[in-house]
Amino acid sequence: MKGRPLLYTSYEADQGLLNTTSKKVMLGLFLLVLVSIPFQVIPGLKFLGQGGWLRLLSTTAIFAIGALGLNILTGLAGQVSLGHAFFMGVGAYTAVWLGGPVDGPLLGLGLPIWIWLPAAGIVAALIGVAVGPTAVRVRGLYLAIVTLGLVFIGDYLFRNWASLTGGAQVGRDFPPLEFRWWKEESPVIDFTTPSTWFGVEVSGIAKTFFLLALLAGVYTLLAKNLQRTRVGRAFMSIRDRDIAAEIMGVNEFAYKLLAFGISSFYAGIAGALLASFLTRVIPEQWNLFLSVQFIAIILIGGAGTVTGALLGSAFVVLLPRIVQNFTLWLQSLALEGEGILGAIANVFIATSQTDFGLINTMAGVGPGLSVAQLNLVLYGLLIIGFLIFEPLGLFGIWLRIRNYWKGWPFTY
Amino acid sequence: MRRKPQWLVLLLVLGLILAACGDGGGGDTTTTAAAEEEPTTTAAPAEETTTSAAEEGAGDVATDVGVDLEAQTLTIGLLSDLSGPFAPLVQVIVAGQEMYWADVNANGGIGGLQVQIETRDTAYDPAQHVQLYEELKTQVVAFGHSTGSPQTMAINPQLQADGILAIPLTWYSGWSDPAINSNLVPHGVPYCIEAMNMIEYLTVQAPDATTIAIASSPGDYGEDSNAGAVLAAEALGLEVVYNGTGLINQADEATLTEVAGGIASSGAELVWVTTSPTPFGSIYGQALAAGFSGALWSGAGPTWNPALVAPDSPISEPLSNDFYISAYYAPWAAESEGNAAVRDLVTAAGADPLDYYAEGVIEATILHQALQTAYDAGDLTQAGVLAAAKSLESVTFGGLAPDETYVGEPNERVQRAQFISRPDPAGLADGTSTGSTLVESNYTSPTAEAFEFNEACFSLG
């Protein structure tokens, strides 16, 4: 009986997070790879351990937390929200108010991370619940507009509340990722400077990466668990048919409010971590584009799935870097200009003012798209493409690969 | 019943992890030596060029990151806004840098080393700026420019930790502040001293003026500039009859109307507006429409754009009479040797005349001199280039820009000289100029001269 797919002999096994052996093995391998990345031991993945890539992976972890939050609201409860950036901003500024320096020119209480990080989530959640009653009265497009309004209110507030945010185009420094028990001089753990852990030399960015990956892991577990509870099922019933859900006794108002609260909590945590990770943030950071990025993560990754939120985050955060590297590679091919590859590359790349090409590598002067423009175009195409051809997103592709191997070597 | 032991185990594990990860309680356990060692050892495994490689390569030059003695290349980084709000300017500046270095390479490079440029688009976003800095710092020997004040501020702690040099592409007065500038070499007059220069120059043109209206965009740019404007007004006995500092928001037309109304109703004889060209044109036009005329106008360098006096611009004629252009370097058509060199470079590259190429050339000239000095001293490491830049007593640009110095007290080394031009719509129309004609070279006003500079005029916090 063992090893047969989809055959479970107990309810616990059926509902288990890792209900198959291959899932357990895969997760174990994934964690092993994750831990080893900064030490550059796996051939082929060594480049990921370099500073630039580790920073991208850390950003991915933060975006994953934010995306998990939006996934609960949009993917599970079916409520569209463009206001995610606003709640991230609320979290960030709560964090800096509590954790910022006391003696500086701006608001700050100098409290440690174990206070400012949870508080960032809680304050964002409270504000989410406070604006909830307005938001849950409407649905669909109207809800999108209401939440869009939040972003603009936030934008105005953040730009003008200079004593907290530092002011438009100026910004302020955020409390670093370091652990203190209270306000003591030197931190117990400093996640940004190199030191020795368990006898191994660990660089600052590697420590940051470990912390953020751990936090992302914890929030993933929480999100995954939420999905399997009464609350999660209530969310999904509202998403699938709100009237039917109410008839079954699901309190639509209360659950929508709860979804807003939980989603905002995640956003607040992600915002606080992002600001702390970036060290200096200007108020314009929390703009509509950030919200749209999260929508893109959910859509590209696969709405309503935890794995999708994670895959989508990695995709959206890493895509610009991959496009950039690809362009640089094409450019080097075009400049060397040998063989068929060089000729093909030359068609795509404009290398001088007079050379025709789709992509321009001369800092934007001359014909063609710049790399940044190319990124935006790709973004748009990918969102449209996924919506039309793969509504389940990257998760859907992953699912098909998984199902193929489930029955292997048979096709069904 | 089963719960308790589980929690105990968890707590114990957490405690152990805390103990293991702790930095040992002492304040300075991570020695600076270890911190400085990091970028050279772990960050760039691909580049095996350490001091040992230098011995077998050309000459006795110490190198760490960004110099490949075998391939005879030297790589510099540019953190540029190529898709954000300043993209139209920065694209030209980057092109100016590329032209300059291509010329250097054609003439033998830096001691035979060919200079390569790694340009990255930060989109004027501090987050991307930091990300791209981290990416480039393991590939380049120094940064040829870093666009934007909050952005440069965001990488500044890392620059200091890594010991890398950067040239800020912003004229914030803090870049000359000793508390901030250990890894930066600024150039050009800072916004706040620029305001002193220009406002005093306006009072020379209109000796009877007693009132001034000031307005600006928010952020370091507008605030720093208007901090200088307020100081200048005090020193010159001008009454500030309208103060719209930080009010101008390009995206919000209502703020432009408000500022224009404020300036018009103040009846000021002098107007100092520090913003970008589009909102400036709108404010000037609206004030004009409200019947406000006869005042002299000026604003910090980036406020001006020749398009304001293009043939199809409705404000071309009145603005040409009212406006004094502040500039960090001489305009395209100026007669100096440095300007001629820029014109040659741009023409050789087949590009159209634009003023901003000069900025790229100025930045590149400073870095060129730093690299050459470092090479001559036999130390082309990141730290060596930084030290070389900080030892430069005089960098000259052949009249294109005022000489720079990076040694001495902040009050002595801060740049106070600048250029002043007048709009030239006729020259723009027939292609003999880029829309402005030079009226003052290396101008420093007495107020700016007397100003005691010890720290930034406006704190970025």
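Is A:Arg239 buried, exposed or partly exposed? With a relative accessibility of 34%, A:Arg239 counts as partly exposed, where buried stands for under 20% relative accessible area, exposed for over 50% and partly exposed for what lies in between, with a 1.4 Å probe and protein chains only. The model is a predicted one, in which local features need pLDDT of at least 70 and side-chain atom pairs count only at pLDDT 80 or more, whereas totals for chains, interfaces and linings use all residues. Residues are numbered from 1 along each chain as its sequence is written, chains are lettered from A and ligands numbered from 1 in the order in which they are written, and side-chain values use heavy atoms, with hydrogens and water left out.

The side chain of A:Arg239 meets that of A:Asp240 in a salt bridge, at 3.1 Å from N to O, the term being used for a side-chain nitrogen of Lys or Arg within 4 Å of a carboxyl oxygen of Asp or Glu. A:Asp240, at 53% relative accessibility, counts as exposed. Side chains of opposite charge can pair when their charged atoms come close. Over all chains the structure holds twelve salt bridges.

Another of these pairs in chain A joins the side chains of A:Arg280 and A:Asp173, at 3.2 Å from N to O. This pair links distant parts of the chain, since A:Arg280 belongs to strand β6 (residues 280-281) and A:Asp173 to strand β1 (residues 172-173), 107 residues apart; helices (H or I, at least four residues) and strands (E, at least two) are DSSP runs, numbered from the N terminus. A:Arg280 is buried, with a relative accessible area of 1%, whereas A:Asp173 is partly exposed at 40%.

In chain B, B:Arg120 forms a salt bridge with B:Glu135, and the closest N and O atoms are 2.9 Å apart. Because B:Arg120 lies in strand β4 (residues 114-121) of chain B and B:Glu135 in helix α5 (residues 126-136) of chain B, the pair ties together parts that are 15 residues apart in sequence. B:Arg120 is buried at 4% relative accessibility, and B:Glu135 is buried at 4%. Both residues belong to a network of salt bridges that also links A:Arg321 and B:Glu118. In the loop between β4 and α5 of chain B lies B:Ala123, which has a positive phi of about 55° although it is not a glycine, and which is partly exposed with a relative accessible area of 23%. Most residues other than glycine have a negative phi. In chain A, A:Gln169 also has a positive phi, near 60°, and is placed in the loop between α7 (162-165) and β1.

Chain B as a whole has 17 helices and 14 strands, and 58% of its 461 residues count as buried. Among its contacts (heavy atoms within 4.5 Å) between residues at least 6 apart in sequence, 70% join residues at least 24 apart.

By the criterion of cysteine sulfur atoms within 2.5 Å, the count comes to one disulfide over all chains. This disulfide joins B:Cys192 to B:Cys457, with an S to S distance of 1.9 Å, and links distant parts of the chain, B:Cys192 being in helix α7 (residues 191-205) of chain B and B:Cys457 in the segment after α17 (446-450) of chain B, 265 residues apart. B:Cys192 is buried at 0% relative accessibility, whereas B:Cys457 is partly exposed at 24%.

Both cysteines are among the residues that B:Ser173 touches, as are B:Pro190, B:Asp224, B:Phe453, B:Ala456 and B:Phe458, not counting residues up to four places away in sequence. B:Ser173 lies in the loop between β6 (166-169) and α7 of chain B and is buried, at 0% relative accessibility. Its side chain makes a polar contact with that of B:Asp224 at 2.8 Å; such a contact is a pair of N or O atoms within 3.5 Å, and within protein one must be able to donate a hydrogen and the other to accept it, while residues adjacent in sequence count only if both atoms are side-chain atoms.

Back in chain A, helix α12 (residues 288-301) has 14 residues and reaches 20 Å from its first C-alpha to its last, close to the 20 Å expected, the expected span being 1.5 Å times one less than its number of residues. Its buried residues include A:Leu290, A:Phe294, A:Ile297 and A:Gly301. The buried residues of α12(A) pack against several helices of chain A, among them α3 (51-76), α6 (141-160) and α13 (306-336). After α12(A) comes A:Gly302, with a positive phi near 120°.
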